[in-house]
Amino acid sequence: MDRSKLYRRFRTLLIANRGEIACRVIRTARTMGLRTVSVYSEADRDAMHVALADEAVLLGPARARDSYLNVERLIEAARKTGAEAIHPGYGFLSENAEFAQACFDAGLVFVGPTAAMMTAMGSKSGSKALMEKAGVPLVPGYHGEAQDDATLAKAAEKVGFPILVKASAGGGGRGMRIVRSADELAPAIVSAKREAKAAFGDDRMLIEKYLDNPRHIEVQVIGDSHGNLLSLFERECTLQRRHQKVIEEAPSPTLNAAQRDTVCVAARKAAGAVNYVGAGTIEFVSDGKDVFFIEMNTRLQVEHPVTELITGIDLVEWQLRVAFGEALPLKQGQIKLNGHAVEARVYAENPTRNFMPSVGKISTWRLPAETGGLRIDSGYREGDTVSPYYDAMLAKMIAWAPTRDVAIERLNRGLEESDVRGIVSNIPFLSALMTHPKVRANAIDTGFIERELAVLTQATPAPGELELCAAVAAVIKDERQAAQAKANSPWQTFGWMPVGRRQRSFAFRVGHGPEQKVMLNYGSGPSTLVIGERELAFTTVVKDGGFDLTLDGVKTSVAAVIDGHELYLRTRNGRFDLHWVDPFGGETEEQAGADKIAAPLPGTVVAMLAEEGAKLEKGAPILTLEVMKMEQTLRAPYAGVLKSIKCKVGDIVQEGVELAVVEPSGE
């Protein structure tokens with residue numbers, strides 16, 4: 001193959017992706033003087049990556065298969081805009097050999113490995129066979145071509161339960177199931193294949209021995225077309241949930257210098273087996289004694305910023321320089337490890353509802369400034385809409401410091417200072433995770449989050465005096481600003497009266513809990529708040545995003561967001577959602593609706609797991625929805641009979657639509 005057709009200098013780059021990674025690539029490309037082109041679906045017309053690029057091309061409808069996964073439309077978008085190269089980002093088509101080949105056939109530079117390299121290493125099955133031949137240690141398992149049920153069942157029996165059924169293509173935990181007994185195998189394979197087909201267009205499976213309580217370690221590699229292949233140290237990605245990484249850090253706090261050198265040598269050997277060109281990651285799993293190769297990701301990883309912060313290398317810049325046909329600017333011995341970096345993935349999801357994805361308009365987007373070792377890679381802004389069609393990641397927050405402890409402190413401070421509203425985010429969960437003593441002590445494994453989930457998703461404590469007083473101050477601030485917007489008059493300034501005193505009663509509650517009352521006294525003297533038997537003097541100073549509340553002589557910074565009668569507060573005690581009870585009455589309690597079998601979000605019905613008339617135990621599976629490329633199983637809320645099913649496989653259903661009815665058994 002003519003190398004000049006694979007790697008050459010270009011001026012215009014099309015980014016075949018969306019969200020955070022598209023924005024990330026655009027920023028580096030522009031600093032290198034490149035013209036950038038974004039692509040978008042109908043759901044992403046107003047997305048941040050569209051606004052950032054020099055040009056943008058509509059691909060098609062919201063569904064990824066009709067837009068971001070449509071190879072012909074991507075190639076045509078490059079032709080329309082004069083783009084000479086395509087960067088695939090991660091996810092979507094980033095590890096699709098057919099796409100890489102299609103770019104080459106169209107005369108475009110693909111910023112990544114060749115189709116042949118991708119086929120050899122991008123397939124988990126293929127790469128395992130290659131590593132086995134090269135003598136790289138593997139987790140015991142089956143990675144053959146035969147995919148019939150009998151072959152997979154026989155392989156599972158030979159390996160011994162528990163096992164991992166895993167999609168040969170793709171990543172991100174999709175198409176992956178833990179199977180602990182033979183009777184769980186068949187449904188797990190069906191579900192994993194269906195999810196893999198939807199996410200990657202490839203439903204081939206492999207079988208691996210499941211290692212209980214392992215650690216996940218990976219090595220960043222990058223090669224050029226001149227035969228240079230480098231490793232850029234390792235990352236620890238042990239904190240995971242459902243095989244999806246949550247927190248990543250570099251270097252690994254688990255390895256010593258000798259172990260680090262060993263695993264990096266093994267990674268270079270693995271990538272060298274195919275003379276790898278481009279950025280990639282060699283992933284390993286450790287049982288505490290041995291390290292086993294599990295797969296190679298033939299693309300840039302979500303967690304690449306932690307490697308950038310400890311090496312000072314812009315990996316996207318290096319990717320582009322390799323695509324230009326340049327040699328890597330450093331040799332292995334010139335790459336130095338400096339300090340420690342930790343990354344947290346900020347998602348639109350609700351940890352208290354089994355991490356159900358959250359969709360809607362972002363009404364508040366406040367993240368801290370990128371100073372003092374803090375970096376934020378984001379693909380969203382205030383006013384943007386989180387769609388149900390794509391991955392729910394909003395941003396990545398990364399902190400660097402000379403030591404791991406300080407890096408964790410900086411990251412947690414950044415999380416604590418972040419407020420994202422309109423949708424539900426996992427920010428409080430991430431903060432709880434980073435402050436967990438076992439995380440600080442590195443006493444973790446890949447099952448840690450699942451075991452500690454109850455602790456990590458504890459209910460918010462009841463609001464105290466500080467929060468109730470802050471709630472009153474927030475309401476007053478909101479009313480004052482509304483009044484000042486209408487007319488600039490000193491008579492509309494709260495608290496000012498020529499003579500006398502007045503009182504005003506406020507009532508707040510959390511959820512469906514009891515009302516908590518606060519009395520405001522104001523007028524010619526200092527304003528006070530009365531809670532129970534206590535009367536507290538207070539003052540406020542408005543600032544961006546909230547105010548400083550001085551209560552009984554102690555000043556506290558308060559972040560506040562008001563939407564009608566719903567109040568969000570962040571104080572030194574944490575985050576609080578309060579409802580301001582309508583002072584004129586007329587409010588009605590909403591029904592909880594916990595027993596309704598309804599679509600939690602817009603999605604597609606992909607499987608029926610029970611038939612009408614079936615007797616069900618509480619928690620029995622009824623049907624499966626595909627939401628944001630992940631499967632969600634809806635279950636019976638109580639024991640009873642499945643009276644009716646109101647949908648069929650293939651139906652696209654909207655949020656809140658009732659899908660089935662269970663008649664309680666009456667027991």
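Which strands make up the closed barrel, and with what pairing? Here are some notes on that and a few other features.

1. **Ground rules.** This is a predicted model, in which local features need pLDDT of at least 70 and side-chain atom pairs count only at pLDDT 80 or more, while totals for chains, interfaces and linings use all residues. Numbering starts from 1 along each chain as its sequence is written, and side-chain values use heavy atoms, with hydrogens and water left out.

2. **The barrel.** Eight strands close up in the order β24-β25-β26-β27-β28-β29-β30-β31, with antiparallel pairing. On average, neighbouring strands of this sheet are turned by 35 degrees against each other, direction ignored; axes here are lines fitted to C-alpha atoms, and angles run from 0 to 180 degrees between N-to-C directions. Strands are DSSP runs of E with at least two residues, helices are runs of H or I with at least four, and both are numbered from the N terminus. Two strands pair if DSSP finds at least two bridges between them.

3. **Strands around β39.** Strand β39 (residues 658–664) is joined by two bridges to β32 (residues 597–598), and the two run antiparallel. Here A598 has E658 as its bridge partner. Strand β37 (residues 640–645) also pairs with β39 in the antiparallel sense, over five bridges, with G640 opposite P664.

4. **Aromatic pairs.** Rings of Phe, Tyr and Trp (its six-membered ring) pair if their centres lie within 6.5 Å; planes under 30 degrees apart count as stacked, over 60 as edge-to-face and the rest as tilted. The count by this rule is 10 aromatic pairs. One of them, F355 with F429, is edge-to-face, at 5.0 Å centre to centre and 85 degrees between the planes. F355 lies in the loop between β16 (349–350) and β17 (356–357) and F429 in helix α14 (residues 427–434), so the pair ties together parts that are 74 residues apart in sequence. Elsewhere, ring pairs link Y68, F92, Y389 and Y390 into a cluster.

5. **Helix α14.** Both F355 and F429 are buried, where buried means under 20% relative accessible area, exposed over 50%, and partly exposed in between (1.4 Å probe, protein chains only). Helix α14 is largely enclosed by the rest of the structure, because six of its eight residues are buried: I427, F429, L430, S431, L433 and M434.

6. **Cavities.** On a 1 Å grid over the protein atoms alone, a cavity is a set of points where a 1.4 Å probe fits but cannot get out, and a pocket is an open set with protein on both sides within 12 Å along at least five of seven lines; lining residues have an atom within 4 Å of a point. There are four cavities of 30 Å³ or more. The largest cavity holds about 330 Å³ of space, and of its 20 lining residues, R241, Q244, Y347, E349 and M630 are the closest to its centre. Strand β12 (244–250) gives the most to this lining, with three residues.

7. **Second largest pocket.** This pocket has a volume of about 590 Å³ and is lined by 23 residues, with R63, R65, A198, T604 and E626 nearest its centre. Helix α9 (185–200) supplies the largest share of the lining, four residues.

Definitions and conventions: Grid points are joined across faces, edges and corners, and a volume is the space filled by probe spheres set on the points.
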